[in-house]
Amino acid sequence: MIDSHSLDEHGRAAPPPPTRKAQRASIAWLAGKITLGLALTLSLALPGWGQGVPQGNYKMGEVLPIQPPAQAPITEMDWRKVKPPERFVVKPPKGAPNVLVILMDQAGYSDPSTMGGPIHTPTMDRLAANGLTYTNFHVNPLCSPSRVALLTGRNSHQNSMAGVTGTNTNYPGDSGIRPLTISTVGTMLQSWGYLTSYFGKNNEVPDNEVNISGPFDRWPTRSGFDKFYGYLAGEQSSFHPNLVDGTTYIATPRDPNYHFNRDLTNKALDWVRATHSLTPDRPFFMYYAQSASHPPHTPPKDWFERDPYKGKFDQGWDKLREETLQRQIKLGIVPPGTKIAKNPDTV
C-alpha cells in the first residue's frame, strides 16, 4: 500500500528520502565545488593570488616581494587575551646606501667635463674622482626606449618600447606599452624597504593612459616609486609645464621667475629632508630626470644674461671633437689610439 504523500507529481512512487550519510556526502561535494569555484575566481581576479610562493631553498630576498613569516595558529578563544601579530616590515640590509640616479636628457656622452666634455660639471667631477665611472651603457637613440631600459634593465624590445611612446606600431616589441610583468628597479628596492622617488620628465606612459582617469598602472607611483613629481610628456615648456604630483595634475605656480628645473630640484630636496626626518633608518632611491638639455631650450632669464659659455665653441665642431677626444683619452674614458669617425661626404 502506498501513501498518497509518497507519490510524485506524476503519480509515481517517490524515492525514499536520503540517509544522513548520503546527505553529508552531498553537502561535502557541494562545498567542495563552491570552494573550488571561489578559488578559481580569486586566482583569475587577483594578480598573483593562488600562484603561491615559489618552492625551494631560497635565501632572504632572492624571491620578491619578501613574504611575511608564517603565524602560529591561535588556540585562545578569548579575544581579550590574544595579542595582535607584530607588524611585518622589511628592513634594508645594514649599511644599504642612498642611491641617486641623474638622467641628463638628450645630452651627449661627451658633453660634461666628467666625461672630457666642454660643459663644466664640478659636482659630477668630484663624485667621479671619489667613485667609479662606468662607460658601457648602450642607449637606443630615442627617449622612451632608453629610459625604460635604464629603469628595468631590459632591452627596449623586451619592454615593447622600440620607439617613443605615441609613435609606436603594432609590431612585436613596438607597442609602446611596457608589460606589467616587467618590474623597475624602483619596485625591487621598494621590496627591500627603500623609500623611492621619481622627479622630472617621464615619457614612458602610453598616450591613451596619460589622463586624469588613468589607468595608472604604468605611471611612476604604480611602477615602484612612492613619490612622483614632474610631467609625463616628451617635452614641455620650462616656464609652464603640465605638472603632475603623484597621479594628480596641478597648476604651475604663479611666480614670474618660475622655472621647472629649479622647482624640480627644490621638490627633490624637500622630499629627502621630509622622509629622512621621519624615517632616518630607511635609505632612499631617487631617480632625477631633468629636462633642461631637451628642447624646447628655455633657460632662466638670468642664465641668458650671464651667458657663461659665450665664445666657448667658436673653434667649430670639428676642432671641438678633437679637443674632447684628447681629454677623454687622458681621463681614461676611451683607450689610447681611439680615432674620431670621419664625417660623411655629405657633411
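1. Terms and model. Helices and strands here are DSSP runs, numbered from the N terminus. On that numbering, Gln106 falls in the loop between strand 1 and helix 2 (122-129). The model is predicted.

2. Overall make-up. The protein has seven helices and six strands. Along the sequence they follow the pattern α-β-α-α-α-β-β-β-β-α-β-α-α. Of the 347 residues, 29% count as buried. The accessible surface comes to about 24200 Å². Carbon and sulfur atoms account for 58% of that surface. Contacts between residues at least 6 apart in sequence were also counted: 58% of them join residues at least 24 apart.

3. As background, strands of a sheet pair through backbone hydrogen bonds, either parallel or antiparallel. Strand 1 and strand 6 pair in the parallel sense, over six bridges.

4. Ile102. This residue lies in strand 1. Across the pairing, its bridge partner in strand 6 is Tyr288. Buried or exposed, or in between? Ile102 has a relative accessible area of 48%, so it counts as partly exposed; the exposed class starts over 50%. Ile102 also contributes to a nonpolar surface patch, together with Leu100 and Met104. The patch covers about 260 Å².

5. Helix 3. How many of the ten residues of helix 3 (residues 143-152) are buried? Nine are, so the helix is largely enclosed by the rest of the structure. The buried set is Cys143, Ser144, Pro145, Ser146, Arg147, Val148, Ala149, Leu151 and Thr152. In general, an α-helix has 3.6 residues a turn, so residues three or four places apart point the same way.

6. What helix 3 packs against. The buried residues of helix 3 pack against strand 1 (99-104), strand 2 (195-201) and strand 6 (284-290). They also pack against helix 4 (185-191). Just after the helix, Gly153 takes a positive phi of about 75°.

7. Asp78. This residue sits in the loop between helix 1 (20-45) and strand 1. Its relative accessibility is 19%, so Asp78 counts as buried. The value should be read against the cut-off, since buried means under 20%. A polar atom of the Asp78 side chain lies 3.0 Å from the backbone nitrogen of Arg80.

8. Which values do Gln106 and Asn203 take? Phi of Gln106 is near 55°, a positive value in a residue other than glycine. Phi of Asn203 is also near 55°, again positive and again not in a glycine. Gln106 is in the loop between strand 1 and helix 2; Asn203 is in the loop between strand 2 and strand 3. Gln106 has 53% relative accessibility and so counts as exposed. Asn203 has 5% and so counts as buried.

9. Cis peptide bonds. The bond from Gly214 to Pro215 is cis, with omega near 5°. Pro215 lies in the loop between strand 2 and strand 3 (227-231). Asn203 is in the loop between those strands too. The bond from Pro295 to Pro296 is also cis, with omega near -5°. Pro296 is in the loop between strand 6 and helix 6 (301-306).

10. Asn170. This residue is in the loop between helix 3 and helix 4. At 77% relative accessibility, Asn170 counts as exposed. How far apart are the C-alpha atoms of Asn170 and Ser160? They are separated by 9.8 Å, with the two residues ten apart along the chain.

Terms used: Residues numbered from 1 in each chain as written. Predicted model: local features only at pLDDT ≥ 70, side-chain atom pairs only at ≥ 80, totals over all residues. Heavy atoms only, no water. Buried < 20%, exposed > 50% of the residue type's maximum accessible area, 1.4 Å probe, protein only. Helix = DSSP H or I, 4+ residues; strand = E, 2+ residues; numbered from the N terminus. Contact = heavy atoms within 4.5 Å. Polar contact = N/O pair within 3.5 Å; in protein donor to acceptor, adjacent residues only side chain to side chain. Patch = residues over 30% accessible without salt bridge, like charges linked within 9 Å, V, L, I, M, F, W, Y side chains within 5 Å. Areas by Shrake-Rupley, 256 points an atom, 1.4 Å probe, with all protein chains shown as cover. Salt bridge = Lys/Arg side-chain N within 4 Å of Asp/Glu carboxyl O. Pairing = 2+ DSSP bridges.
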